[in-house]
Amino acid sequence: MELALVKKWLKVDFDDDDDLITLEQRAAERYVINAVGKYDDNDPLMRLLVLFLVGESYKNRSYSISVNDKNAYTVRSMISQLQQDEYGGDGE
């Protein structure tokens, strides 16, 4: 995924944090790989999940999401959908 898109998602218009944002993006992609088994940059749900994770990481400097936080449900739901797709849920 292009750094420009990630920065647009974060609403960052400066270059000072590019290294940090790139690291967070790579970590988010790895998170998806660990949760789903792969990362496909052409899958819009995977891309959105990575953007979401980078946003949380950049804002909070952590992937820790409170159990009561609606974001925790969103992350779990997206991962579950991707796992279902990966293991025969979408007919591909």
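**Exercise 1. Work out how many helices and strands the protein has, and in what order the elements run.**

Solution. Start with the rule: helices (H or I, at least four residues) and strands (E, at least two) are DSSP runs, numbered from the N terminus. By that rule the protein has four helices and zero strands. Reading from the N terminus, you get α-α-α-α.

A quick word on the source: this is a predicted model, where local features need pLDDT of at least 70, side-chain atom pairs count only at pLDDT 80 or more, and totals for chains, interfaces and linings use all residues. Residues are numbered from 1 along each chain as its sequence is written, and side-chain values use heavy atoms, leaving out hydrogens and water.

**Exercise 2. Find what share of the residues is buried.**

Solution. Buried means under 20% relative accessible area, exposed over 50%, and partly exposed in between (1.4 Å probe, protein chains only). Of the 92 residues in the protein, 37% are buried.

**Exercise 3. Decide which residues of H2 are buried and which are exposed.**

Solution. First, locate the helix: H2 covers residues 18-36. Next, list its buried residues: Asp 18, Ile 21, Glu 24, Gln 25, Ala 28, Glu 29, Val 32 and Val 36. They sit on the same side of H2 because they cover an arc of only 140° around the axis (taken from the directions from the helix axis to the C-beta atoms).

Terms used. The expected span of a helix is 1.5 Å times one less than its number of residues.
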